[in-house]
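Please look over the sequence and the three-dimensional model shown here before reading on.

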Amino acid sequence: MKKKHFFLLLNLMSSFFLLGQIETSNWYFGEGAGIHFNNDGSVTALTNGRLNTLEGCTSISDNFGDLVFYTDGITVFDRNHNIMDNGTRLYGDSSSTQSALIIPKPEDPNIYYIFTVDTSVSENDPDYGLNYSTVDMRLDNGNGSVIEKNTNLLQDCSEKVSAVIKDCSDKSIWLVTLASLDGLTSTYNTYHAFEINTTGVITNSVKNTFANLNIEDPRGYLKFSPDGNKMASANMSAGLFIYDFNSITGILTNQRQINILDENKNAYGIEFSTNGNYFYAHTSNDVSALEGAGHKSSLLQYSLYETDITSTENIIYKSNNYRGALQLGLNGKIYRTISTSY
């Protein structure tokens, strides 16, 4: 479940920079780590962040690339790196793969939603599922305040959550997670797509149930391709899947499983290239941290324009490092977390 904050830059530049993504100019993650993306495509390390988390976190900037706030899904920090007013005890988890995701309310520059996904790491640790909290940036002298906290959408869900634009004309957005059909059990076979539009969060989801999908290992990322037409779901020992996504209806079709040929078969971090032709997975042998040495990982590439995606597997890098995240940056490059210890 856990990742660290040491990054390896992969030179996977497309022929263009990602445009219209200035809101991703600042990343805060790991143990006080961060990155700022400069206008020339270079990056600058940030050392003023206050996060101390093993896994999921999220940051958002404004249209000028200036930080608005960031969170690990539990505590929210404002632009000045102070705890935001009422910004504690959100229902994320430091051991949840994608603990939190910030989504601006369409056509309202003052309101943001923080979606959180919880996980249980012990018998006495409750799992609060999928929730969202609301931030109003007009409050506390423009530093923001959490005005509504932990509104429940699903009682139980996986550790993964992602979002994609539904309609550019009205700027509505889909928020997607993996859960059971009713959101009550911990065997997952349904992707729930929740719409966020100018009226707020629509609490009834579009349900995409796959009869041959029974995920019991919730670890791993959920990602959309840059054009929003494909979605990938990594589930460690339970498999790696690719789907076609209809951004107008929220419907997923054409489920394909990528059968990892490499010895490190458990997919955790995943990402698409900027042109959507290639797909990357950070996999591991999932040796337990309690067993000490023996954990190995691989960075794998696949070609999505081939019918048999599995057969295109290309091993980019193998090491004794632990598994970690993959994330497409504002400059069109993919960043990978690597760690030599758990």
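The model is a predicted one, and the values given below were computed from it.

In soluble globular proteins, nonpolar side chains tend to be buried together. Here the largest nonpolar core has 34 residues, and Phe115 and Tyr191 are those with the most contacts inside it. Several strands each supply at least two residues of this core, including strand 9 (111-117), strand 14 (190-197) and strand 19 (240-246). Strand 13 gives the most, with 6 residues. Another core, of 19 residues, lies apart from the largest one, and among its members are Ala232, Leu240, Ala267 and Tyr268.

**Aromatic rings**

The structure holds 17 aromatic pairs. Ring pairs link Trp27, Phe37 and Tyr335 into a cluster.

**Charged side chains**

Side chains of opposite charge can pair when their charged atoms come close. A search of the whole structure finds 9 salt bridges, and the table sets out some of them.

| Salt bridge | N to O distance |
|---|---|
| Glutamate 271 and lysine 223 | 3.0 Å |
| Glutamate 263 and lysine 318 | 2.9 Å |
| Arginine 323 and aspartate 286 | 3.0 Å |

The pair of glutamate 271, in strand 21 (residues 266-272), and lysine 223, in strand 17, links distant parts of the chain, 48 residues apart, and both glutamate 271 and lysine 223 are buried. Glutamate 263 lies in the loop between strand 20 and strand 21, while lysine 318 lies in strand 24 (residues 314-319), so their pair ties together parts that are 55 residues apart in sequence. Glutamate 263 counts as exposed, at 52% relative accessibility, whereas lysine 318 is partly exposed, with a relative accessible area of 37%.

How is arginine 323 placed, buried or exposed? At 2% relative accessibility, arginine 323 counts as buried, while its partner in the salt bridge, aspartate 286, is partly exposed, with a relative accessible area of 24%. Asp217, Arg219, Asp286 and Arg323 are linked in a network of salt bridges. The charged end of arginine 323 also sits over the ring of tyrosine 268, 5.6 Å from its centre, and Tyr268 is one of the residues of the core of 19 residues.

**Single residues**

Glutamine 255, in strand 20 (residues 251-258), makes a side-chain polar contact of 3.1 Å with asparagine 212 and another of 2.7 Å with the side chain of tyrosine 243.

Histidine 81, which is not a glycine, has a positive phi of about 70 degrees. Histidine 81 lies in the loop between strand 7 (76-78) and strand 8 (100-104) and is buried, with a relative accessible area of 12%. Asparagine 150 likewise has a positive phi, near 55 degrees, but its place is in strand 11, and at 15% relative accessibility asparagine 150 counts as buried.

Technical notes:
Residues are numbered from 1 along each chain as its sequence is written. This is a predicted model: local features need pLDDT of at least 70, side-chain atom pairs count only at pLDDT 80 or more; totals for chains, interfaces and linings use all residues. Side-chain values use heavy atoms; hydrogens and water are left out. Rings of Phe, Tyr and Trp (its six-membered ring) pair if their centres lie within 6.5 Å; planes under 30 degrees apart count as stacked, over 60 as edge-to-face and the rest as tilted. A charge sits over a ring if NZ of Lys or CZ of Arg is within 6 Å of the ring centre and within 35 degrees of the ring normal. A nonpolar core is a set of buried Ala, Val, Leu, Ile, Met, Phe, Trp, Tyr and Cys residues joined through side-chain atoms within 4.5 Å. Buried means under 20% relative accessible area, exposed over 50%, partly exposed in between (1.4 Å probe, protein chains only). Helices (H or I, at least four residues) and strands (E, at least two) are DSSP runs, numbered from the N terminus. A polar contact is a pair of N or O atoms within 3.5 Å; within protein, one must be able to donate a hydrogen and the other to accept it, and residues adjacent in sequence count only if both atoms are side-chain atoms. A salt bridge is a side-chain nitrogen of Lys or Arg within 4 Å of a carboxyl oxygen of Asp or Glu.
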